[in-house]
Amino acid sequence: MMDRLFRKIGPFDTTAVGLGTMGLAIEGHPSQAASIEIIHAALDAGCRHIDTAWAYYESGGEEQAAEKLTRQALETWKGPREEVLVATKAGHFRNFTDGKPTWGKDGKPEHLIRYAKQSCQALGVEAVDLLYFHRPDPEVPYGESIEAMKEIHRMGLAKTIGISNASVEQIDMARGILGDALVAVQNQFSPIHRETQDTIDYTARLGLAFVCWSPLGGFRHPYDESLFDPFRQVAAAHGVSYQQVVLAWELARGDHMFVLPGTHRKETFLDSLASDQLVLTQEELDYLG
């Protein structure tokens, strides 16, 4: 097994490339057996960072599907479970709008505490390693939701706390409430979503981990493929996939950077995992922007 790139999220040393499990549980997901095989393959290749969420399940289907899948995969894996950081999120749920699967927000304090308890139960742990507040709820003042995350930490339901889909102002508010319990910010960032660069810079200054969701652009919405052309050019020079170049470019933005590529196939995740061994020159990084 190749040595992987490890970085710190709060008290945890974990791999800079983590496995995002959304694609293993929402619409279009692989079979349960195939999904477990993907998780096992990732762990066998040295990945020690699994990211899931209460809300990763099919609209109208069994809630917490990805959390339950993660537990089953870890319980059937032959490797050292204690080495694996499992992060999950609270504050989102699935529903239908006009007959289409959608995402609802729920940042009510009493509900967040209930979700945290349910996540512990689904994952089979007394305390989640890292629990994120998944997304701000416009109907609940942000500070009230974060106070609930503080209570979750105080109750021992989560060892550390993160926030997701957060602005610089929200990071400041969360730090003021959570103090050292706040260890990570998980925002979308990729060649097609660069607008969160301000939060990358800010978390670097604060010593917080920045975790990229949909680091390859995601698979739920169409996007301009031409934005990846520079990455394809660099990839051709290295003889690797452009996806590896994208992830290496993101990891090179700072030692606090983490990426969570999702997948439907173990081959694509193992290719993504190899990005932690790809070193881009400063000239290449300048070219990619």
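User: Is threonine 263 buried or exposed?

Analyst: Its relative accessibility is 3%. The cut-off is clear: buried is under 20% relative accessible area, exposed over 50%, partly exposed in between (1.4 Å probe, protein chains only). Therefore threonine 263 counts as buried.

User: Where is threonine 263 found?

Analyst: The model is predicted: local features need pLDDT of at least 70, side-chain atom pairs 80 or more, while totals for chains, interfaces and linings use all residues. Residues are numbered from 1 along each chain, and side-chain values use heavy atoms, without hydrogens or water. Helices (H or I, at least four residues) and strands (E, at least two) are DSSP runs, numbered from the N terminus. Threonine 263 is in the loop between β12 and α9.

User: How far apart in space are threonine 263 and methionine 22?

Analyst: In sequence, 241 residues separate threonine 263 from methionine 22. In space, C-alpha to C-alpha, the distance is 8.4 Å.

User: What is the strand order of the open sheet?

Analyst: The sheet has 8 strands, with parallel pairing. Two strands pair if DSSP finds at least two bridges between them. The order is β3-β4-β5-β8-β9-β10-β11-β12.

User: Which are the edge strands?

Analyst: Look for strands that pair on one side only. They are β3 (19-20) and β12 (257-260).

User: What is the bridge partner of aspartate 51 in β5?

Analyst: Strand β4 covers residues 49-51, and β5 covers residues 85-90. The two run parallel, joined by 3 bridges. In β5, aspartate 51 has as its bridge partner alanine 87.

User: Why is β9 described as largely enclosed?

Analyst: β9 pairs with β8 in the parallel sense over 5 bridges; valine 128 has alanine 158 of β9 as its bridge partner. Helix α4 (142-154) lies across both β8 (128-133) and β9 (158-164). β9 is largely enclosed by the rest of the structure because of its buried residues, which number 6 of 7.

User: How many residues of α8 are buried?

Analyst: The helix is mostly covered. Its cover includes β1 (6-9), α7 (229-238), β12, α9 and α10 (282-288). Trp249 and Glu250 are among the buried residues of α8. Of its 10 residues, the buried count is 9.

User: How much space lies in the largest pocket?

Analyst: A pocket is an open set of 1 Å grid points where a 1.4 Å probe fits, with protein on both sides within 12 Å along at least five of seven lines; lining residues have an atom within 4 Å of a point. Here 41 residues form the lining, with Met22, Ser214, Gly217, Gly218 and Phe219 nearest the centre. The space is about 910 Å³.

User: Which element gives the most to the lining of the largest pocket?

Analyst: β7 (100-105), β10 (182-188), α8 (242-251) and α9 (266-273) each supply at least two residues. The top contribution is 4 residues, from α9.

User: Which element gives the largest share of the second largest pocket's lining?

Analyst: This pocket holds about 250 Å³ of space. Of its 16 lining residues, His29, Gln32, Glu62, Ala65 and Leu69 are closest to the centre. α1 (32-44) and α2 (65-75) give two or more residues each. The largest share, 5 residues, comes from α2.

Note on methods: Points joined across faces, edges and corners; volume = space filled by probe spheres on them. Contact = heavy atoms within 4.5 Å. Axes fitted to C-alpha atoms, helices over the stretch in contact; angles between N-to-C directions.
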